[in-house]
Amino acid sequence: MVLVAALGNPPAQDAAAEDGASTLLRTVTGVPSWEVPGGAEGDVVAGVVLRLAVLAVLAVGLSAVAGRARARGPAFLAGWGGFVVAGAAAAATAYTWTVAVVLPGGTLGDIGQDGLVAAADAGAGFGLWTGWLVGLAVAVTIRAERRDPFEDLAAVTPGRGRITDPPEPWWAPTATVGQDGRAAVRPGPTVFPPGGLPPVVAGAEEIAPVPARTDETVPVPAGADETVAAPSGQPPTDPDPDATTVMPEATSDPTTRFPA
């Protein structure tokens with residue numbers, strides 16, 4: 001609406017109609033013109049209203065579609081391109097109305113392809129040179145959202161060249177709903193056996209016995225039967241094979257030597 005008000009007013013139209021006016025000025029003032037000469041018939045006024053209405057409706061509608069973009073760059077380009085389309089459609093509609101309604105004896109069969117294309121080109125030129133302002137307005141007014149870079153990866157259908165996420169491990173906790181209706185977390189199954197682990201005795205460990213040398217006599221505590229040392233390389237012998245060796249009771253001294 002600001003562009004139509006600034007470029008379609010009578011002073012801008014008079015400047016574009018002067019000799020030596022630039023092509024750019026004539027291009028940007030053709031479609032938005034709302035100047036109506038005095039004594040103009042109703043069909044001429046209706047053509048001006050129709051042209052501006054098509055321009056406004058398409059510009060607003062396409063800008064609304066462009067405003068759905070979540071980034072300012074795409075919104076800017078979409079708003080600019082939408083205004084180019086709106087300008088071309090408005091100029092083509094005005095040409096069709098003028099030939100079929102305003103001109104005496106005109107019909108839809110009198111609409112020429114070259115004239116229609118020339119009118120659409122003029123309207124597209126207007127949108128091309130001024131639509132960047134519309135695109136800028138759209139880009140400024142949208143609410144840009146920060147996009148998750150992994151959002152597209154999550155939307156990919158599994159089995160198409162991407163590895164899906166593995167399932168949760170069997171020991172992972174799971175969510176559950178209690179009787180009171182509140183959500184809770186149920187811990188996963190335990191890795192310990194039922195009843196817990198067996199008790200551990202501190203310091204209990206198996207110590208391998210150290211064999212005594214066979215070439216020397218092993219001291220025997222008092223009260224125990226004496227053994228006879230055998231020659232080197234042979235086990236000791238007992239003088240009485242039927243005798244029973246009496247083992248002394250353990251004392252508080254852990255260094256007590258016992259017979260081999």
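Tutor: The dialogue that follows sets values against definitions, and it concerns a predicted model.

Student: What is the secondary structure of the protein?

Tutor: The protein has seven helices and two strands. Along the sequence, the pattern reads α-α-α-α-α-α-α-β-β.

Student: How many residues does the protein have, and what share of them count as buried?

Tutor: The protein has 260 residues, and 20% of them count as buried.

Student: Why is Met 1 called exposed?

Tutor: A residue is called exposed when its relative accessible area is over 50%. Met 1 has a relative accessibility of 69%, and therefore counts as exposed. Met 1 lies in the segment before H1.

Student: What makes Val 36 partly exposed?

Tutor: The term covers values between the two limits, under 20% for buried and over 50% for exposed. Val 36 has 34% relative accessibility, so it counts as partly exposed. Val 36 lies in the loop between H3 and H4.

Student: Which residues does Val 36 touch, not counting residues up to four places away in sequence?

Tutor: With those left out, Val 36 touches Val 45 and Val 48. Val 48 is twelve residues from Val 36 in sequence, and their C-alpha atoms are 7.9 Å apart.

Student: Why does Thr 107 count as partly exposed?

Tutor: The limits are again 20% and 50%. Thr 107 has a value of 40%, and so it counts as partly exposed. Thr 107 is placed in the loop between H5 and H6. Leaving aside neighbours within four places in sequence, Thr 107 is in contact with Val 99 and Ala 100. The C-alpha atoms of Thr 107 and Thr 96 are separated by 9.4 Å, the two residues being eleven apart along the chain.

Student: How do you know that the buried residues of helix H2 are on the same side?

Tutor: The buried residues of H2, which spans residues 10–17, are Ala 12, Gln 13 and Ala 16. They cover an arc of only 100° around the axis, and therefore lie on the same side of H2. An α-helix has 3.6 residues a turn, so residues three or four places apart point the same way.

Student: What does the buried side of H2 pack against, and which exposed residues does the face turned away from it carry?

Tutor: The buried residues of H2 pack against H1 and helix H3 (23–30). The face turned away carries the exposed residues Pro 11 and Ala 17.

Student: What makes a group of residues a nonpolar core, and which residues have the most contacts inside the largest one?

Tutor: Such residues must be buried and joined through side-chain atoms within 4.5 Å. The largest nonpolar core has 14 residues, and those with the most contacts inside it are Val 31, Leu 55, Phe 83, Ala 90 and Phe 126. H1, H4, H5 and H6 each supply at least two residues of this core. The largest share, four residues, comes from H5. Not counting residues up to four places away in sequence, Leu 55 touches several residues, including Val 4, Val 31 and Phe 83. In soluble globular proteins, nonpolar side chains tend to be buried together.

Student: Which residues form a nonpolar patch on the surface?

Tutor: The patch consists of Trp 132, Leu 133, Leu 136 and Val 140, with about 360 Å² of accessible area together. Membership requires over 30% relative accessible area. Trp 132, placed in helix H6, has 38% and therefore counts as partly exposed.

How values were computed. Residues are numbered from 1 along each chain as its sequence is written. This is a predicted model: local features need pLDDT of at least 70, side-chain atom pairs count only at pLDDT 80 or more; totals for chains, interfaces and linings use all residues. Side-chain values use heavy atoms; hydrogens and water are left out. Buried means under 20% relative accessible area, exposed over 50%, partly exposed in between (1.4 Å probe, protein chains only). Contact means heavy atoms within 4.5 Å. Patches are made of residues with over 30% relative accessible area and no salt bridge: like charges are joined within 9 Å, nonpolar side chains (Val, Leu, Ile, Met, Phe, Trp, Tyr) within 5 Å. Accessible areas come from the Shrake-Rupley method with a 1.4 Å probe; for residues, only the protein chains shown count as cover. A salt bridge is a side-chain nitrogen of Lys or Arg within 4 Å of a carboxyl oxygen of Asp or Glu. The arc is that of the directions from the helix axis to the C-beta atoms.
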